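Please read the following briefing alongside the sequence and the coordinates. It takes the overall make-up first and then turns to individual sites.

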Amino acid sequence: MKTWGILLLLLCLQAVTYAVIGESQTCPAENVGKCDDSDWEGEFFPGINKIKYEGPSSKNPLSFKWYNAEEEILGKKMKDWFRFSVAFWHTFRGTGADPFGAPTKYWPWEDGTNSLKMAKRRMRANFEFINKLGVDWWCFHDRDIAPDGETLEEANANLDEVVALAKELQMQSNKKVLWGTAQLFMHPRYMHGAATSSELGVYAYAAAQVKKALEVTHYLGGENYVFWGGREGYQSLLNTDMERELNHLARFFEAAVAYKKKIGFNGTLLIEPKPQEPTKHQYDWDAATTANFLRKYGLIGEFKLNIECNHATLSGHSCHHELETARINGLLGNIDANTGDPQVGWDTDQFLVDIQEATMIMLSVIRNGGIAPGGFNFDAKLRRESTDVEDLFIAHIIGMDTMARGLKNAATLIADGTLAELVRKRYQSFDTEIGAQIEAGKADFDFLEKKAKQWGEPKVASAKQELAEMILQSAL
Ligand code: XUL
Ligand code: CO
């Protein structure tokens, strides 16, 4: 009898626990009523005020210590150097799920569905978030912001409905889209790729999806449009016609350029390199590979690159290397500001908090004369274990503060001039009449052989790498 009683009690307790957990996954107890209301227009972040600049001595986690939007650095306001953007997919669709674990984040406004009603509520949350954070831009994939449909027509109708609300909210708050994109990797139809799929029907479906995504990006005043070829690559060369797939990809991009012009979209088309993940090999491996692809197919003037720092390290380069490669090819268009983990091999999409790395990034951006009409999009997500709503703010604040410190440090280095002088001196042997002849392509091998014989063994100076590192550190 006693054992039965205890068992019954345990069962009841389990039922109560289940009910509570079940509830929190859909509509949290404190929000009962609100979750059913399709027009939930109340505050999504009630305890959080507009984030202000309080200076480096502030201990308030919900304040900027370094990012001071109106402060001028090298003749330009900080906000104009960065043009920070919030990535809708991480901030509003990131659940904390990973291949080994269930979602960990149950934001109070979520009702556990992917309904249109929920999509609109999330869009309102997005605008309150960017308003409070003091960011003017946001980025999206078509399928992050609106539910997919049984047919393309249904998916497009869903997208239209959410985009109409986004437009209204943009006008109220004076915010803009930094870039839009089409999600061409999640649906099973894209398992062999989209523009590089072996199936013609998939190529056509992807084209239709990009056509619509270009239209809505244009409608929302987007300044750029991104192509990230999540599955444009291969798992095995044995079953792949790489040449044919690359030709298809180029045709797809040509058609996108033509459609962009047809609808009068003046934004920049950006390709975002990534070496692999989810495919074993992605065709847009890195900045140099992508630049070569664009040149080969005569598309160089039509596209720029969106450099993502975590993708850079996945391809075996530093973010600084990718930015410099893009910059010297005239292709630096946008930055997906994030970072990986040195001990973890994959795309962890963490907020970038390394001040030295931020300084190098900003050296490239300053040399590029800024990044507009691109910007810094936080393609970054909270760690799975960070589960408070305020963590969303804290993560973006430290991301913005880190970049602000990078900008200030890079400006200090440039004003100081010692590093530039070190580099200049390193190449000074070319600042001569014969150096100029070589650089102008006017020195043939016969001439150079004559000079080599005349001069004898050349003197070779120190590269001064440690001194360069010492100079960099003095600015941090
Ligand atoms: C994936 C990634 C994407 C693109 C947009 O690694 O970076 O979020 O930025 O599709
Ligand atoms: Co990205």
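How many helices and strands does the secondary structure of the protein come to? The count is 17 helices and 14 strands, where helices (H or I, at least four residues) and strands (E, at least two) are DSSP runs numbered from the N terminus. This is a predicted model, in which local features need pLDDT of at least 70 and side-chain atom pairs count only at pLDDT 80 or more, while totals for chains, interfaces and linings use all residues. Residues are numbered from 1 along each chain as its sequence is written, chains are lettered from A and ligands numbered from 1 in the order in which they are written, and side-chain values use heavy atoms, with hydrogens and water left out.

**Overall make-up**

- Taken along the principal axes, the C-alpha atoms of the protein fill a box of roughly 105 × 60 × 55 Å.
- Of the 476 residues in the protein, 48% are buried; buried means under 20% relative accessible area, exposed over 50%, and partly exposed in between (1.4 Å probe, protein chains only).
- The accessible surface of the protein comes to about 23800 Å², and carbon and sulfur atoms account for 56% of that surface; accessible areas come from the Shrake-Rupley method with a 1.4 Å probe, and for residues only the protein chains shown count as cover.
- Among contacts (heavy atoms within 4.5 Å) between residues at least 6 apart in sequence, 75% join residues at least 24 apart.

**Surroundings of ligand 1**

- The residues around ligand 1 are Trp89, His141, Trp179, Trp228, Glu272, Lys274, Glu308, His311, Asp336, Asp347 and Asp379, where a residue is near a molecule or strand if one of its heavy atoms lies within 4 Å of it.
- By class, this shell has three nonpolar, two polar and six charged residues; Ala, Val, Leu, Ile, Met, Phe, Trp, Tyr, Cys and Pro count as nonpolar, Asp, Glu, Lys and Arg as charged, and the others, Gly among them, as polar.
- An oxygen atom of ligand 1 is 2.6 Å from an N or O atom in the side chain of histidine 141, an oxygen atom of the ligand is 3.0 Å from a polar side-chain atom of aspartate 336, and for the side chain of tryptophan 89 the corresponding distance is 3.4 Å.
- On its own, ligand 1 has 290 Å² of accessible area, and the protein covers 93% of it.

**Asparagine 306**

- Asparagine 306 belongs to strand 12 (residues 303-308) and is buried, with a relative accessible area of 0%.
- The side chain of asparagine 306 makes polar contacts with the side chains of asparagine 334, at 2.9 Å, and aspartate 336, at 3.3 Å; a polar contact is a pair of N or O atoms within 3.5 Å, and within protein one must be able to donate a hydrogen and the other to accept it, with residues adjacent in sequence counting only if both atoms are side-chain atoms.

**Cysteines**

- One disulfide is found in a search of the whole structure, a disulfide being a pair of cysteine sulfur atoms within 2.5 Å.
- The disulfide joins cysteine 309 to cysteine 319, with an S to S distance of 2.2 Å, and the link is left-handed, with -50° about the S-S bond.
- Because cysteine 309 lies in helix 10 (residues 309-314) and cysteine 319 in helix 11 (residues 319-328), the pair ties together parts that are ten residues apart in sequence.
- Both cysteine 309 and cysteine 319 are buried.
- Cysteine 139 is buried at 0% relative accessibility, and its sulfur is 15 Å from the closest cysteine sulfur, in cysteine 309, which is too far for a bond.

**Backbone features**

- Most residues other than glycine have a negative phi, and most peptide bonds are trans.
- Glutamate 277, in the loop between strand 10 and strand 11, has a positive phi of about 80° although it is not a glycine, and a cis peptide bond with omega of about 10° joins glutamate 277 and proline 278.
- The peptide bond from alanine 372 to proline 373 is cis, with omega near 10°, and proline 373 lies in the loop between helix 12 and strand 14 (376-378).
- Arginine 83, which is not a glycine, has a positive phi of about 50°; arginine 83 is buried, with a relative accessible area of 12%.
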